[in-house]
Amino acid sequence: MLKRIHAVIAAVALGGAVLVALPATAGAATAAGPSDLAVSPSPVVVAGGAGTTATFTYKASEEGAARLVDRDGRTVRLDPDPAGSGAYTAKYGFTFRDEPGVWRLQVRADGGVATKEFQVHWTTDLDFDAAPDVVDRGDRLRLTGALTFRDGAGRQAYDGQRVYLAFKPVGGSYSRVGSVTTDRDGRFSVERTADRTGWWRAEFAGASDAEPATSDSDRVDVRARASRTRITGFDASPEPVDAGKTLHLRGRLEISGFAGWSGYPGRQVKILFKPAGGDRWQHVTTDWTDSHGRFSADVRARTSGWWRAEFAGATGAGYSASATDYVTVRVPRPTPPPPAPKADTRIVQFNASPEPVKYHKYLTFRGQLQVWDHPWEGYGHQRVTVWFKKPGGSWHYVKTLWTNSTGRFWGKTTASASGYWRVVFGGNGEADGSKSRIDWVRVKR
């Protein structure tokens, strides 16, 4: 329930006539009574610290008495302002001291009593998020949010309220697909199966004491689940091999289907090598699969290490990699080769968006970490950190992200202040560190 604060109990003169005690429950107006009772605005929505002023009018052949009655039957002060010509006007400034709910305007004049009910509401806020933003069809989607209301003490959790979940597919319109009840902190969370691309939002229908609210929309892209692929029979031979001799690499790329596994023709397969004692795979050569999905390559053996084949994936087909095959290379000299210098890295296409962004909405980070490997290539499965600096302040750490197999990274955080953003790669044993460009983002309140 919303927090209640009792209103001031008072009576005041209206247009020279003294307010009289009216019954707490008034029936319909008699034939000889005031008419045209009106409240503007209706409902009365209390918004902001200054409150909301409402105007009350009625008509009578003689001056009478009027009062407001709050939801608990208590009389509340009016500000009289007679208009003349048989029409009378009064005003009252609603603030967060006044309890929301059903109020009544009661008027006694011309030998009768008339009553008009109206609603007093407090404003509500509805935050919402659908994650992840990109998901495979059939996977689970988590919908979360929080419902709060504003009163004199600020934003308060609105517990025990039904919040509807609405979905709009591409080219369609919104329809409600379920509901959830807020917990004691005003929060809600539910999972749904992702089946098509579209926009999600949360809707609160309102209550006797609170305004309806609709959250911002959050788009989720649902992609077709890719077929599985695999690399079988990968082999590097002979083993061991003398330095400078030819090493033969063979294997087969397969794709799953209704009939089981079959060769995947016309696809590019990369041959990768990782030297003994190293921790980074190096691209050595590439081959295309034949009509049966087979591929082969011959390379010159230089140093001992692991070999593997990798398929990057394609439309409708997922990524796959072979098992590794270690080959010992016999060298004429016992002295190991000198360690390779560290590779250069860079962070490109970094962007923090949207700009500007609303306060406490999500700010999304995107970019790509690349490593110089003749030429630049995406640097996958590496850790990068997100940093923020207010104007005139210093940089401080926000969160850690990981790059995918192509070096791309993505993440988001709640926006709380305007300032500068950047991403930093700290480097490792085989590659130097690097920093992204600085991106300014303004936060609107």
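User: Which residue lies over the face of Y362, and at what distance from the ring centre?

Analyst: First, a caution: this is a predicted model. The residue is K412, at 4.4 Å from the ring centre of Y362. To read such a feature, look for a Lys NZ or Arg CZ within 6 Å of a ring centre and within 35 degrees of the ring normal.

User: Where does the charged end of R308 sit?

Analyst: Over the ring of W281. The charged end of R308 is 4.5 Å from the centre of that ring.

User: What share of the contacts joins residues at least 24 apart in sequence?

Analyst: Take the contacts between residues at least 6 apart in sequence; 64% of these join residues at least 24 apart.

User: Now ring pairs. What describes a pair of aromatic rings?

Analyst: Two values describe it: the distance of the centres and the angle of the planes. A pair needs centres within 6.5 Å, and planes over 60 degrees apart make it edge-to-face. The count here is 18 aromatic pairs. One of them joins F94 and W103, with 5.0 Å centre to centre and 70° between the planes. That pair is edge-to-face.

User: Is F94 buried or exposed? And W103, buried or exposed?

Analyst: The cut-off for buried is under 20% relative accessible area. F94 is at 0%, so F94 counts as buried. W103 is also at 0%, so W103 counts as buried.

User: Why is the pair of F149 and Y158 edge-to-face?

Analyst: Because the planes of F149 and Y158 stand at 75°, with the ring centres 5.5 Å apart. F149 is buried, with a relative accessible area of 2%. Y158 is buried at 2% relative accessibility.

User: What does F94 touch beyond four places in sequence?

Analyst: Its contacts include V44, V46, L68, W103 and V120. V44 and V120 also face each other across strands: V44 stands opposite V120 in β9. The strands β2 and β9 (residues 112-122) pair in the parallel sense over 3 bridges.

User: What is the strand order in the open sheet that holds β2?

Analyst: The order is β2-β9-β8-β4-β5, and the pairing is mixed. The edge strands are β2 (44-46) and β5 (75-76), each pairing on one side only. T75 lies in β5. At 16% relative accessibility, T75 counts as buried. The side chain of T75 makes a polar contact with the side chain of R67, at 3.4 Å.

User: How do side chains sit along a regular strand?

Analyst: They alternate between the two faces of the sheet.

User: With which strand does β22 pair over 4 bridges?

Analyst: With β23 (residues 260-263), in the antiparallel sense. S256 stands opposite W261 in β23. A hairpin of 2 residues joins β22 to β23. β22 also pairs antiparallel with β20 (residues 229-237), over 7 bridges. There, A236 stands opposite L249. A further antiparallel partner is β26 (residues 294-300), again over 7 bridges. In β26, F295 is the bridge partner of G251.

User: Which side chains make polar contacts with the side chain of E254?

Analyst: R230 is one, at 2.7 Å. T232 is another, at 3.5 Å.

User: Last one. Is W288 buried or exposed?

Analyst: W288 is exposed, with a relative accessible area of 52%; the cut-off for exposed is over 50%. W288 lies in strand β25 (residues 282-288). Beyond four places in sequence, W288 is in contact with G266, R267, Q268 and R294. W288 and P265 are 23 residues apart in sequence, with 8.0 Å from C-alpha to C-alpha.

Technical notes: Residues are numbered from 1 along each chain as its sequence is written. This is a predicted model: local features need pLDDT of at least 70, side-chain atom pairs count only at pLDDT 80 or more; totals for chains, interfaces and linings use all residues. Side-chain values use heavy atoms; hydrogens and water are left out. A polar contact is a pair of N or O atoms within 3.5 Å; within protein, one must be able to donate a hydrogen and the other to accept it, and residues adjacent in sequence count only if both atoms are side-chain atoms. Rings of Phe, Tyr and Trp (its six-membered ring) pair if their centres lie within 6.5 Å; planes under 30 degrees apart count as stacked, over 60 as edge-to-face and the rest as tilted. Buried means under 20% relative accessible area, exposed over 50%, partly exposed in between (1.4 Å probe, protein chains only). Contact means heavy atoms within 4.5 Å. Two strands pair if DSSP finds at least two bridges between them.
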